Amino acid sequence: LSLRNFYMNRDFRDNPSGQSKAEDWGQGFMLRLKSGYTDGTVGVGVDALGLAGIKLDSGGGTGGTGTLVRSARTGKSADNHGFVGFTAKAKVSETVLTVGTHEPVLPIAFRNDTRMLPQTFQGGQIQSKDIENLTLTAGQFQKVRLRDSTDYENMVMAADGATGGVRSNKFNYGGASYQFIPGLTGTYYYAELKDNYSQHHANLQFLTDLTEDFKFKTDLRYFKSSDKGNTNV
């Protein structure tokens with residue numbers, strides 16, 4: 001169980017025609033339950049995520065920081081809001097299939113956790129570590145729940161200067177990570193949000209000890225994104 005007390009103030013006073021500021025204060029609760037697996041060749045289990053947010057301070061004219069759920073009609077923030085998500089999982093050897101709620105921390109799909117409660121995705125993923133030093137990952141997300149929402153919706157591309165994006169229910173991805181020697185790991189991913197963009201990602205990371213107390217890390221990353229549909233990515 002994690003608790004997060006979150007306050008945010010954004011100042012827009014230089015914008016004479018719009019909202020002068022956005023200010024929210026809330027208390028968040030994040031409960032994560034992770035089961036083990038049943039005995040047998042195929043082990044099964046289930047994980048659960050419970051999120052709850054309580055408004056401590058916000059107004060109809062000062063909301064909109066992305067912290068609290070608010071009415072699109074009145075602009076007022078809800079006194080409280082919550083979400084419960086479940087993830088079914090099955091394991092064979094070192095290969096795990098998960099279906100349901102996900103909090104991805106992948107280079108091509110990273111959950112937004114910059115407000116009171118985290119963003120989540122709905123879909124399926126398979127990850128295998130059966131081959132020594134190699135991790136294979138593939139999956140598809142169909143829906144997203146934003147950090148200030150309580151329900152799932154189709155995904156929307158968000159990129160500065162990008163136009164032509166459409167709502168999509170298919171984000172496909174796959175990748176591999178290999179440890180060449182202790183401390184040196186290479187990673188490649190490919191991802192595509194249907195009718196919006198595709199992306200290649202390559203990463204080389206090296207971690208070594210300088211002393212007993214200090215480490216040195218080199219992290220080289222390359223992204224290449226291309227347009228799909230009518231976008232200009």
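Biologist: Which residues have the most contacts inside the largest nonpolar core?

Modeller: This is a predicted model, in which local features need pLDDT of at least 70 and side-chain atom pairs count only at pLDDT 80 or more, while totals for chains, interfaces and linings use all residues. Residues are numbered from 1 along each chain as its sequence is written, and side-chain values use heavy atoms, with hydrogens and water left out. A nonpolar core is a set of buried Ala, Val, Leu, Ile, Met, Phe, Trp, Tyr and Cys residues joined through side-chain atoms within 4.5 Å, where buried means under 20% relative accessible area, exposed over 50% and partly exposed in between (1.4 Å probe, protein chains only). The largest such core has 14 residues, and those with the most contacts inside it are I108, F141, M155, F171, Y173 and L193.

Biologist: Which strand gives the most to this core?

Modeller: Strands are DSSP runs of E of at least two residues, numbered from the N terminus. β9 (134–145), β10 and β11 (184–193) each supply at least two residues of the core. The one that gives the most, with 3 residues, is β11.

Biologist: Which residues make up the second, separate core, in part?

Modeller: This core has 9 residues. Among them are F6, L51, L68 and F83.

Biologist: How is the aromatic pair of F83 and Y152 arranged?

Modeller: Rings of Phe, Tyr and Trp (its six-membered ring) pair if their centres lie within 6.5 Å; planes under 30 degrees apart count as stacked, over 60 as edge-to-face and the rest as tilted. The whole structure has 6 aromatic pairs. For F83 and Y152 the centres are 5.7 Å apart and the planes are at 80 degrees, so the pair is edge-to-face.

Biologist: How far apart in sequence are the parts tied together by F141 and Y173?

Modeller: These two rings form a tilted pair, 5.2 Å centre to centre with 40 degrees between the planes. F141 lies in strand β9 and Y173 in strand β10, so the parts tied together are apart in sequence by 32 residues.

Biologist: Is F141 buried or exposed?

Modeller: Ring pairs link F141 into a cluster with F121, F171 and Y173. Y173 has 5% relative accessibility and so counts as buried. F141 has 0% relative accessibility, and therefore counts as buried.

Biologist: Where does I181 lie, and how accessible is I181?

Modeller: I181 is one of the residues of a nonpolar surface patch of about 550 Å². I181 lies in strand β10. I181 is partly exposed, with a relative accessible area of 45%.

Notes. Patches are made of residues with over 30% relative accessible area and no salt bridge: like charges are joined within 9 Å, nonpolar side chains (Val, Leu, Ile, Met, Phe, Trp, Tyr) within 5 Å. Accessible areas come from the Shrake-Rupley method with a 1.4 Å probe; for residues, only the protein chains shown count as cover. A salt bridge is a side-chain nitrogen of Lys or Arg within 4 Å of a carboxyl oxygen of Asp or Glu. Helices (H or I, at least four residues) and strands (E, at least two) are DSSP runs, numbered from the N terminus.
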